[in-house]
Amino acid sequence: MKAELCHKGDFLSTSRHSPHLFESATEFTLQNGIRVAITGPGIISFTPARWEDDTKHIVLSCGIHGNETAPIELCDEWVKNILTEQVEPVHRVLFLFGNLPSMDIAKRFVEENMNRLFCGAHSEGPGLVNAERRRAKQLEEAVSEFFKPAGALRYHYDLHTAIRESKNEKFAVYPYLHGKAHDKEQIAFLSACGVKTILLSQSPTTTFSYYSSVTHQAHAFTVELGKVQPFGHNDMSRFAAARATISALLTQPQLALPCAQDAEIFTVNQVINKQADDFSLHFADDTPNFTGFTKGTLLAEETGARYVAEYDGEAIVFPNANVAVGQRALLTVIPTELDD
Ligand SMILES: O=C(O)CCC(=O)N[C@@H](CCC(=O)O)C(=O)O
Ligand SMILES: [Zn+2]
């Protein structure tokens, strides 16, 4: 298995098609001294031979939604290049390919949206009743294990693509920090990745990035790199900046980044959760993310509630009337500035 993996680097493909091969943990060392640990299908970490206090501990997750293929293709390429020793990370890095069964059916999820199942939500209510709940728990444990020996330099970029077009094609959700200051270096890093729009979340959630942020004090983000496309249909030139900057993050001891003067910052104004089956959106299905509305415009309604724009220019993000009752159906955002 080791020889085959190091020859072709087919970790993702093996995880998807022969997951049983990775059911028990495997560790081995590459010829360049990098230690490889596989603790389950789609869960692989790389540790340089020697690491110091200034070594970064980086989690790159993708495919938490199985049809968001561009980040999966990017991570597949990094893992292949590291296994075949074409790329040598100088920091510790954990790659997580989240929802392997939903990749096979080209759907966001099989039974339940995995990105609402973190922070222990997987075990609440009915408990660990489906594969997505069990996987969310396994991914949390993988992150906890990975960050255990880590110093302060913890990072988690949870890579996604959005369902619809977006006026601001690439953007990141900065999880709620409970009063801690937002990190300008991280904004600069994201900007260098081509992600120049940042949404500051104002409340706890049960997303993967919030989990790493609140539980492990990691610099953590949900990063939206573009629009959902089937495997093989992504225009990879649109990801060139993200690919180059994340590659540099993995392989350079320190990144020299210009201050992000060009980042556009929004704060979340409304988190609208669907409460009734008749929840409906009051704008066209093809309305792009970040479309703004004038104050007073009816954005959505359902039995017992009407949701209107509270500010001129209040913009919609992630509208989705087809979510389960109780889940987020719409975010609205308004421009803001970063705290000093
Ligand atoms: O385009 C959409 O509607 C969803 C894209 C997506 O999966 N976004 C993440 C955002 C998570 C966060 O708020 O941090 C999600 O909905 O899980
Ligand atoms: Zn997603």
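Which residues is His65 in contact with, leaving aside its neighbours within four places in sequence? Select His65 and you'll find Asn99, Arg108, Phe109, Asn115 and His160. Contact here means that the C-beta atoms of two residues, placed from the backbone, lie within 7 Å.

Before going on, know that this is a predicted model: local features need pLDDT of at least 70, side-chain atom pairs count only at pLDDT 80 or more, and totals for chains, interfaces and linings use all residues. Residues are numbered from 1 along each chain as its sequence is written, while chains are lettered from A and ligands numbered from 1 in the order in which they are written.

**Stop 1: the annotated site**

Stay on His65, in the loop between strand S4 (57-62) and helix H3. Helices (H or I, at least four residues) and strands (E, at least two) are DSSP runs, numbered from the N terminus. His65 counts as buried because it has 24 C-beta neighbours inside 10 Å; the cut-offs are 20 or more other C-beta atoms within 10 Å for buried, 12 or fewer for exposed, and partly exposed in between, with C-beta atoms placed from the backbone.

Click on His160, which sits in strand S6 (residues 154-162). His160 is buried, since 26 other C-beta atoms lie within 10 Å. Its contacts beyond four places in sequence include Ile64, Glu68, Pro71 and Thr222.

**Stop 2**

**Stop 3: along S6**

Slide along strand S6 to Tyr155. Tyr155 counts as buried, because it has 20 C-beta neighbours inside 10 Å. Tyr155 touches Lys56, Ile58, Val59, Ala218 and His219, not counting residues up to four places away in sequence.

**Stop 4: the core**

Next, pick Leu60, Cys75, Val79, Phe95 and Ala172, the residues with the most contacts inside the largest nonpolar core, which has 83 residues. Such a core is a set of buried Ala, Val, Leu, Ile, Met, Phe, Trp, Tyr and Cys residues joined through C-beta atoms within 7 Å. Helix H3 (residues 69-83) gives the most to this core, with 8 residues. Zoom in on Cys75, and you'll see it touch Leu60, Cys62, Phe95 and Phe97, not counting residues up to four places away in sequence.

**Stop 5: two domains**

Finally, colour domain 1 (2-251) and domain 2 (270-335); these bounds come from an automatic or database domain assignment. Their C-alpha centres lie 28 Å apart. At the boundary, 11 residues of domain 1 are in contact with 9 residues of domain 2.
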